[in-house]
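This report describes a two-chain model, moving from each chain as a whole to selected elements and residues. Please keep the sequence and the coordinates in view while reading.

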Amino acid sequence: MSTAAETEDLWRQLAPQVLGAVVRRYGDFETAEDAVQEALLAATTQWPADGVPDDPKSWLIRVASRRWIDQRRKDSARSRRELTVASLDSASDQVAPPSGAETAADDTLTLLLLCCHPALTQPTQVALTLRAVGGLSTAQIARAFFVPEATMAQRISRAKQRIKDAGAQFEPPPADERVERMRAVLHVLYLIFNEGYTATAGSDLHDVELTREAIRLTRMARAVRPDDGEVAGLFALMLLTDARRPARTTADGRLVPLAEQDRSRWDHASIDEGVGLITETLPRSPLGPYQLQAAIAAVHDEAATADETDWPQIVALYDLLERFGPNPIVTLNRAVAVAMVDGPAAGLEILDGIGADQRMAKHHRLHAVRAHLLDMAGDTDAARASYVRAAQLTTSLPEQHYLEGKATALGP
Amino acid sequence: MKYLMLIYSNPETWGHPIFLRTAEGLAMSDAERVAMTEELDTLLTEIRESGELISVAALADPANATTVRVRNSVRLTTDGPYVEAKEQLAGLFVVDCATPERAEEIAGRFPDARFFAVEMRPIMGSSGEEM
């Protein structure tokens with residue numbers, strides 16, 4: 001007998017394939033997506049009670065098709081238009097043509113690319129991806145992002161409307177757009193991961209773990225794009241970052257900085273998988289930012305103690321990462337690494353350059369890093385002032401708590 | 001990122017939309033008043049449909065405000081708002097935006113921003129990054 005969690009994993013795994021089949025049959029993404037959601041909902045109530053059907057994918061396609069036709073009938077009755085319901089009816093009981101593994105893979109990729117369509121804002125790309133590809137309900141997504149369900153429903157329906165208005169079809173994008181579109185997909189997966197990764201104590205209250213969800217979706221993306229170095233890089237980055245989760249917060253939700261984490265609590269199976277993946281990917285693929293971030297995470301994760309961290313290698317990797325475009329957060333991290341190699345003065349010099357940017361000057365991380373480096377340099381008063389400033393600027397409760405604690409520890 | 005948007009105003013008589021009841025609002029032509037009201041409607045429809053609007057509340061006349069204080073375990077209530085000022089809090093919106101720039105854009109599109117001010121306050125969250 002399968003557990004409820006296994007059953008849920010099964011239908012969620014099938015969600016993009018079912019949606020692909022239904023869209024191909026009826027040609028309309030917007031209504032097909034609603035029908036598939038209803039079929040998933042039917043599975044949540046019927047499978048645990050009646051058992052999983054012999055062919056769960058066909059079952060879902062059949063139920064979704066019926067729902068689609070029912071909805072279409074209602075719509076047509078409303079608009080008083082004649083509709084050839086009979087022809088649609090016969091489709092409802094047809095079992096879907098057996099689609100090979102290749103079609104399933106293509107459908108998942110096409111769906112990911114469609115949900116991350118450039119006509120959508122990032123928050124809506126995220127919401128639609130979680131629903132259409134991840135098979136999550138609107139209520140689950142709303143809870144994960146702490147917004148009312150009605151707000152999330154609005155985001156999803158607006159997203160589908162925009163895709164329709166943009167004339168996008170359920171088909172692979174033109175070849176010349178593919179690289180850019182795939183980049184958007186990876187960014188959305190990264191955002192989902194970060195949203196879950198940064199959540200602390202309260203996250204245990206959710207029924208959806210966004211980090212796990214991002215890893216699951218990226219594993220799917222990797223299965224359909226096995227030769228893409230950046231997909232592999234992102235997947236490795238997630239594994240290597242998530243591996244530290246057990247040591248990242250205390251039981252009461254306080255943040256533990258990397259240098260002070262109990263490394264015996266890291267998930268070493270995930271680290272081995274991530275290190276193996278990035279080691280095998282780097283020499284084989286054109287270099288990219290996700291691969292470099294994964295390589296940096298791997299250097300941290302491979303150090304038995306914080307003191308054994310190979311900082312010169314991390315500096316070299318950040319240097320390479322900066323070549324992919326200026327990013328003040330990357331520069332902040334590089335400043336820390338440089339300080340570890342050449343001393344705090346060298347790191348502080350880099351920070352002076354970033355502080356010239358007005359937006360960064362009000363970013364709590366700049367002040368937190370400056371505080372850390374000033375503390376290293378032995379300038380306690382200035383370090384404390386920077387920790388206080390960082391605590392003032394953050395909008396995160398656990399970060400504020402941590403930064404205030406650092407300030408207090410440096411004296412009155 | 002989520003923001004609380006506080007709408008401040010100083011109307012001649014209390015009511016909503018409040019910007020129409022300010023001295024500046026009353027001085028406008030009917031056409032200008034209609035146009036400004038439509039701008040607000042357009043904004044509200046846009047942020048509701050985009051899923052950015054989380055909640056909204058129009059406040060009653062501050063004449064109805066009660067301020068509660070507890071001193072030495074005794075509850076003292078006084079009539080009127082906590083802060084005595086000409087400009088009063090008239091309404092509030094909670095929005096969830098992709099960027100701070102987008103939040104500023106929304107704040108600037110409330111007609112009230114032209115007469116008095118809209119104050120944006122980030123809402124703190126329970127997530128935190130590794131340091």
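Two residues are in contact if their C-beta atoms, placed from the backbone, lie within 7 Å. Counted in this way, the contacts in chain B with a separation of 6 or more are made to 65% by residues 24 or more positions apart, and for chain A, among contacts between residues at least 6 apart in sequence, 61% join residues at least 24 apart. The model is a predicted one, and it scores ipTM 0.87 and pTM 0.88. For chain B the mean pLDDT is 95, with 100% of the residues reaching 70 or more.

**The two chains**

The dimensions below refer to the C-alpha trace along its principal axes.

| Chain | Span of the C-alpha trace |
|---|---|
| Chain A | about 80 × 45 × 45 Å |
| Chain B | about 55 × 50 × 20 Å |

Chain A has 412 residues, of which 41% count as buried, and its secondary structure comes to 21 helices and zero strands. In chain B, 24% of the 131 residues count as buried, and the secondary structure consists of four helices and six strands, which follow one another along the sequence in the pattern β-α-α-β-β-β-β-α-α-β.

Where the chains meet, 16 residues of chain B are in contact with 25 residues of chain A. On the side of chain B that touches chain A, these residues divide into five nonpolar, six polar and five charged.

Four strands of chain B form an open sheet in the order β2-β5-β1-β6, with antiparallel pairing. The edges are taken by β2 (53–58) and β6 of chain B, each of which has a single partner strand, so one side of each is left without a neighbour in the sheet. From one strand to the next the twist averages 20 degrees.

Helix α3(B) lies across β1, β5 and β6 of chain B, and runs at about 155 degrees to β6(B). Within this helix, which covers residues 100–109 of chain B, Ala103(B), Ile106(B) and Ala107(B) are buried. Because these residues cover an arc of only 100 degrees around the axis, they are on the same side of α3(B). The cover over the buried residues of α3(B) includes β1 (2–9), α2 (30–49), β5 (88–96), α4 (112–115) and β6 (117–122) of chain B. On the face of α3(B) turned away from the buried side are the exposed residues Glu101(B), Glu105(B) and Gly108(B).

**Backbone details in the loops**

Several loop residues deserve a separate look. In chain B, the peptide bond from His16(B) to Pro17(B) is cis, with omega near -5 degrees, and Pro17(B) is found in the loop between β1 and α1 (23–27) of chain B.

Asn72(B) is found in the loop between β3 (66–71) and β4 (74–79) of chain B. Is Asn72(B) buried or exposed? Asn72(B) has 5 other C-beta atoms within 10 Å, and since a residue is exposed if 12 or fewer lie within that distance, Asn72(B) counts as exposed.

In chain A, Phe146(A) is not a glycine either, yet has a positive phi of about 55 degrees. The residue lies in the loop between α7 (138–144) and α8 (149–165) of chain A. Phe146(A) has 16 C-beta neighbours inside 10 Å and therefore counts as partly exposed.

**Leu258(A), a residue that touches both chains**

Leu258(A) lies in the loop between α12 (245–248) and α13 (268–281) of chain A. With 17 other C-beta atoms within 10 Å, Leu258(A) is partly exposed. Which residues does Leu258(A) touch, not counting residues up to four places away in sequence? The residues are His300(A) and Glu130(B). Along the chain, Leu258(A) and Arg248(A) are ten residues apart in sequence, while in space the C-alpha to C-alpha distance between them is 7.3 Å.

Technical notes. Residues numbered from 1 in each chain as written. Chains lettered and ligands numbered in written order. Predicted model: local features only at pLDDT ≥ 70, side-chain atom pairs only at ≥ 80, totals over all residues. Buried ≥ 20, exposed ≤ 12 C-beta atoms within 10 Å, placed from the backbone. Helix = DSSP H or I, 4+ residues; strand = E, 2+ residues; numbered from the N terminus. Arc of directions from axis to C-beta. pLDDT = per-residue confidence, 0-100. Nonpolar A, V, L, I, M, F, W, Y, C, P; charged D, E, K, R; others polar. Pairing = 2+ DSSP bridges. Axes fitted to C-alpha atoms, helices over the stretch in contact; angles between N-to-C directions.
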